[in-house]
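This briefing covers salt bridges, helix geometry, pockets and a cavity. Please keep the sequence and the structure in view while reading.

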Amino acid sequence: MSNRLVPGSIEAQQRTLAMGVVLALPVAIGLWFVIDRSMPPVPGMATQAARFYFALHCVGIATLLALLPGIEAVAHERLVTPAIDPLAGAESRRMRVNQRYVQNTIEQLWLFAPGVLMLAVQARDGGSMRAVVACTTLWVLARWVFWIGYLLGPRFRSAGLIGMVQSMMVLLYCVGRFGYLWLGWWGAVALIAPFALAELFIVGLLRWESWRAQDAA
């Protein structure tokens, strides 16, 4: 039996998506460390309130640069096309992609914002706050890569998923650290374990359904 993938099949698309993440990962890691190691410490970060205030502005900057352009792209195209009537079903392919980008960015913003705010509160000083700047920069760039890739073709959007990976890692780290500072290792495990179990359940369920579908075929 041939092991060649059928173009357009789920397996072929999965491989393309995975390849995009693999290629983007070292670039993203390198960029993050360049920002974190090369920029000077953020001044005036002696208190938690100051660090939270700074991180909140980083969230605002990320929203301005990543979410608002997508909303504007949809709004401006709707004003000058038959899609001005939202119920007419006249959206172009580009508008549908832009709408999906906006929805996905809103979802990703809910992962990015709490993680970067917690990271700032848990930071020690202005030197540690460079990580907040690095995370914000990488997240915005990843959103742009996701958007451009999506416009080129859905299979090219995966490189931008690095932003989601970063948000998840930061959130897990900050929640785990909070649990550790609160109750030690038991606290960290108690907060992280439910997510890990849910992830295993979701992946296991999907694999089981895939195997059933293959058997039925």
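A salt bridge here is a side-chain nitrogen of Lys or Arg within 4 Å of a carboxyl oxygen of Asp or Glu. By that criterion arginine 78 and glutamate 91 form a salt bridge, with their closest N and O atoms 3.5 Å apart. This pair links distant parts of the chain: arginine 78 lies in helix α2, and glutamate 91 in the loop between α2 and α3, 13 residues apart. The model is predicted. The points below are grouped by topic.

**Salt bridges**

- The structure holds three salt bridges.
- In the pair of arginine 78 and glutamate 91, both residues are buried.
- Arginine 94 pairs with glutamate 77, and their closest N and O atoms are 3.3 Å apart. Here too distant parts of the chain are linked, with arginine 94 in helix α3 and glutamate 77 in helix α2 (residues 48–79), 17 residues apart.
- Arginine 94 has a relative accessible area of 52% and is therefore exposed, since the cut-off for exposed is over 50%. Glutamate 77, at 11% relative accessibility, counts as buried.
- Arginine 37 forms a salt bridge with aspartate 36, where the closest N and O atoms are 3.7 Å apart.
- Arginine 37 counts as exposed because its relative accessibility is 60%, whereas aspartate 36 counts as buried because its value is 8%.

**Helix α1**

- The 29 residues of α1 should span 42 Å at 1.5 Å a residue, and the end C-alpha atoms are 42 Å apart, so the two values agree.
- A kink of about 30 degrees lies at alanine 24 in α1, shortly before proline 26.
- The buried residues in α1 include Ala24, where the kink lies. Ala12, Gly20, Ala28, Trp32, Ile35 and Asp36 are also buried.

**Largest pocket**

- The largest pocket holds about 580 Å³ of space.
- Its lining has 22 residues, and those nearest the centre of the pocket are Trp32, Cys135, Gln166, Met169 and Val170. Of these, Trp32 is among the buried residues of α1.
- Four helices each supply at least two residues of the lining: α1 (10–38), α3 (93–122), α4 (130–152) and α5 (162–183). The largest share, seven residues, comes from α5.
- By class, the lining of the largest pocket consists of 15 nonpolar, four polar and three charged residues.

**Second largest pocket**

- The volume of the second largest pocket is about 230 Å³.
- Its lining is made up of Leu111, Met164, Met168, Leu171, Leu172, Val175, Ile192, Phe195 and Glu199.
- At least two lining residues come from each of α5 and α6 (185–216), and α5 gives the most, with five residues.
- Eight residues of this lining are nonpolar, none is polar and one is charged.

**Cavity**

- One cavity of 30 Å³ or more is found in a search of the whole structure. The largest cavity has a volume of about 50 Å³.
- The cavity is lined by Leu111, Phe112, Gly115, Val116, Cys135, Gln166, Ser167 and Val170. Cys135, Gln166 and Val170 are also among the residues nearest the centre of the largest pocket, and Leu111 also lines the second largest pocket.
- α3 and α5 each supply at least two residues of the cavity lining, with α3 giving the most, four residues.
- The cavity lining divides into five nonpolar, three polar and no charged residues.

**Individual residues and separations**

- Tyrosine 173 is located in helix α5. Its relative accessible area is 46%, so tyrosine 173 is partly exposed.
- Tyrosine 173 and isoleucine 202 are 29 residues apart in sequence, and their C-alpha atoms are 21 Å apart in space.
- Phenylalanine 52 lies in helix α2. With a relative accessible area of 36%, phenylalanine 52 is partly exposed.
- Phenylalanine 52 and alanine 123 are 71 residues apart along the chain, and their C-alpha atoms are separated by 9.7 Å.

Note on methods: Residues numbered from 1 in each chain as written. Predicted model: local features only at pLDDT ≥ 70, side-chain atom pairs only at ≥ 80, totals over all residues. Heavy atoms only, no water. 1 Å grid on protein atoms, 1.4 Å probe; cavity = no way out; pocket = protein on both sides within 12 Å on 5 of 7 lines; lining within 4 Å. Points joined across faces, edges and corners; volume = space filled by probe spheres on them. Nonpolar A, V, L, I, M, F, W, Y, C, P; charged D, E, K, R; others polar. Buried < 20%, exposed > 50% of the residue type's maximum accessible area, 1.4 Å probe, protein only. Expected span 1.5 Å × (residues − 1). Bend = angle between axes of the 7 residues up to and from the residue.
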